[in-house]
Amino acid sequence: MGSVKQNAYPEENEKFFHFIASWRDKSQYSKNVRNLLTFCIINSLEKCSYTSKSGEYLGWDCRSKKVMDINKLRAEKGQKPLTPKFVRNVILDAKETILKELKHVLADIEIIQNDTNDKQDAKIEFILASALYITLAVKYRRILHRINFHLQGGRMRCSKGYND
């Protein structure tokens, strides 16, 4: 019996999530940057999947392999297929969705750090909880550098080899 998340993502998104999980675990970025990436990726997961949380149930898109396999079995038994359901019009590409989320967060960090209002004392605290440990692919290093730069108060804190 498979897990609940089995076949929840298009094949390319699934491969990407596995790739970045491995890459993140090997990266030398600060804990804050890795936590920020985890947050951005988690915010992107549902937009990239065939599932949608609805109350206490998980809704499945009819384009998912899981639903197609169930409908095939139903047809073999002479049963009607499940009623077609689309959880969203477009299942987004994981790489592009995560990059967009990171750019949005970076813009927010820049706004906070450039705000000269003395009455505002912004502090961003990252708390590690139960979460997926995945990160962004190597081709997005530059945005990671910028996030790390801003999180360190404008002082670059990158290990050798991460400054390209």
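Biologist: Where is the place of N7?
Modeller: The model is a predicted one. Phi of N7 is near 65°, a positive value in a residue other than glycine. As for its place, N7 sits in the segment before helix 1.

Biologist: Is N7 buried, exposed or partly exposed?
Modeller: Buried requires a relative accessible area under 20%, and exposed requires over 50%. The relative accessible area of N7 is 28%, so N7 is partly exposed.

Biologist: What pattern does the protein chain follow when read along the sequence?
Modeller: The protein chain has five helices and two strands. Read along the sequence, these elements give α-α-β-β-α-α-α.

Biologist: What does helix 1 reach from its first C-alpha to its last?
Modeller: Helix 1 covers residues 11–26, which makes 16 residues. At 1.5 Å a residue, 22 Å is expected. The model comes close to that, with a span of 23 Å.

Biologist: Which residues of helix 1 are buried?
Modeller: An α-helix has 3.6 residues a turn, so residues three or four places apart point the same way. A residue counts as buried under 20% relative accessible area. In helix 1 the buried residues are N13, F16, F17, I20, A21, W23 and R24.

Biologist: Which residues of the largest nonpolar core touch the most other members?
Modeller: In soluble globular proteins, nonpolar side chains tend to be buried together. The largest nonpolar core here has 22 residues. Those touching the most other members are F17, I20, I41 and I98.

Biologist: Where does the largest share of this core come from?
Modeller: Helix 1, helix 2 (31–45) and helix 4 (94–114) each supply at least two residues of the core. The largest share is six residues, and its source is helix 2.

Biologist: How are the rings of Y9 and F17 arranged?
Modeller: A pair of aromatic rings is described by the distance of the centres and the angle of the planes. The count comes to one aromatic pair. Y9 and F17 are both buried. Their ring centres are 5.0 Å apart and the planes stand at 70°, so the pair is edge-to-face.

Biologist: How many bridges join strand 1 to strand 2?
Modeller: Strand 2 covers residues 57–60, and the two strands run antiparallel. T51 stands opposite W60 in strand 2. The bridges joining the strands number four.

Biologist: Which residue in the turn of the hairpin has a positive phi?
Modeller: Strand 1 and strand 2 form a hairpin, with two residues between them. A phi of about 65° occurs in this turn, and the residue is G55.

Biologist: Is S52 buried or exposed?
Modeller: S52 lies in strand 1, residues 51–54. Leaving aside residues up to four places away in sequence, S52 touches E46, Y57, L58, G59, V87 and R88. Its relative accessible area is 18%, which is under the 20% limit. S52 is therefore buried.

Biologist: Is T83 buried or exposed?
Modeller: T83 lies in the loop between helix 3 (65–76) and helix 4. Exposed requires over 50%. The relative accessibility of T83 is 70%, so T83 counts as exposed.

Biologist: How far apart in space are T83 and N71, C-alpha to C-alpha?
Modeller: In sequence, T83 and N71 are twelve residues apart. In space, their C-alpha to C-alpha distance is 9.6 Å.

Biologist: What share of the residues of the protein chain count as buried?
Modeller: The protein chain exposes about 11,100 Å², and carbon and sulfur atoms supply 53% of that area. Of its 164 residues, the share that count as buried is 36%.

Key
Residues are numbered from 1 along each chain as its sequence is written. This is a predicted model: local features need pLDDT of at least 70, side-chain atom pairs count only at pLDDT 80 or more; totals for chains, interfaces and linings use all residues. Side-chain values use heavy atoms; hydrogens and water are left out. Buried means under 20% relative accessible area, exposed over 50%, partly exposed in between (1.4 Å probe, protein chains only). Contact means heavy atoms within 4.5 Å. Accessible areas come from the Shrake-Rupley method with a 1.4 Å probe; for residues, only the protein chains shown count as cover. The expected span of a helix is 1.5 Å times one less than its number of residues. A nonpolar core is a set of buried Ala, Val, Leu, Ile, Met, Phe, Trp, Tyr and Cys residues joined through side-chain atoms within 4.5 Å. Rings of Phe, Tyr and Trp (its six-membered ring) pair if their centres lie within 6.5 Å; planes under 30 degrees apart count as stacked, over 60 as edge-to-face and the rest as tilted. Two strands pair if DSSP finds at least two bridges between them.
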